[in-house]
Amino acid sequence: SSISSKRNKNSPSVDRIIPKKGYVPGNIIVVSMKANMIKSDATPDEIIKVGKFYKKLLEEMEDGSETD
């Protein structure tokens with residue numbers, strides 16, 4: 001079996017902060033595979049928008065103001 005098949009969403013992953021700069025000192029951070037996958041498919045603004053949407057949705061559900 002390959003190493004990648006043993007990874008899960010919580011496995012550590014090296015991420016480039018600014019992809020164009022590559023894997024150089026000062027431009028890398030260790031994050032979870034899940035965070036890295038989310039970032040690879042979305043812009044920071046898109047991630048924030050999705051987060052705000054779900055935060056609002058959960059708050060409305062907790063308040064009992066959701067509609068059926």
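**View 1. Asp15 stands opposite Ile29 in strand E2.** The model is predicted: local features need pLDDT of at least 70, side-chain atom pairs count only at pLDDT 80 or more, and totals for chains, interfaces and linings use all residues. Residues are numbered from 1 along each chain as its sequence is written, and side-chain values use heavy atoms, without hydrogens and water. Strand E2 covers residues 28-32 and pairs with E1 in the antiparallel sense over five bridges; two strands pair if DSSP finds at least two bridges between them.

**View 2. Strand E1, residues 12-16, has a covered and an uncovered face.** Ser13 and Asp15 are on the covered face, while Pro12, Val14 and Arg16 are on the uncovered one. In a regular strand the side chains alternate between the two faces of the sheet.

**View 3. Phe53 lies in helix H2, residues 44-63.** Phe53 counts as exposed because its relative accessibility is 51% (exposed means over 50% relative accessible area, buried under 20%, partly exposed in between, with a 1.4 Å probe and protein chains only). Phe53 also belongs to a nonpolar surface patch of about 580 Å², together with Val50, Tyr54, Leu57, Leu58 and Met61.

**View 4. The chain has two helices and two strands.** From the N terminus on, the order is β-β-α-α; helices (H or I, at least four residues) and strands (E, at least two) are DSSP runs, numbered from the N terminus. Of the 68 residues in the chain, 10% are buried.

Key. Patch = residues over 30% accessible without salt bridge, like charges linked within 9 Å, V, L, I, M, F, W, Y side chains within 5 Å. Areas by Shrake-Rupley, 256 points an atom, 1.4 Å probe, with all protein chains shown as cover. Salt bridge = Lys/Arg side-chain N within 4 Å of Asp/Glu carboxyl O.
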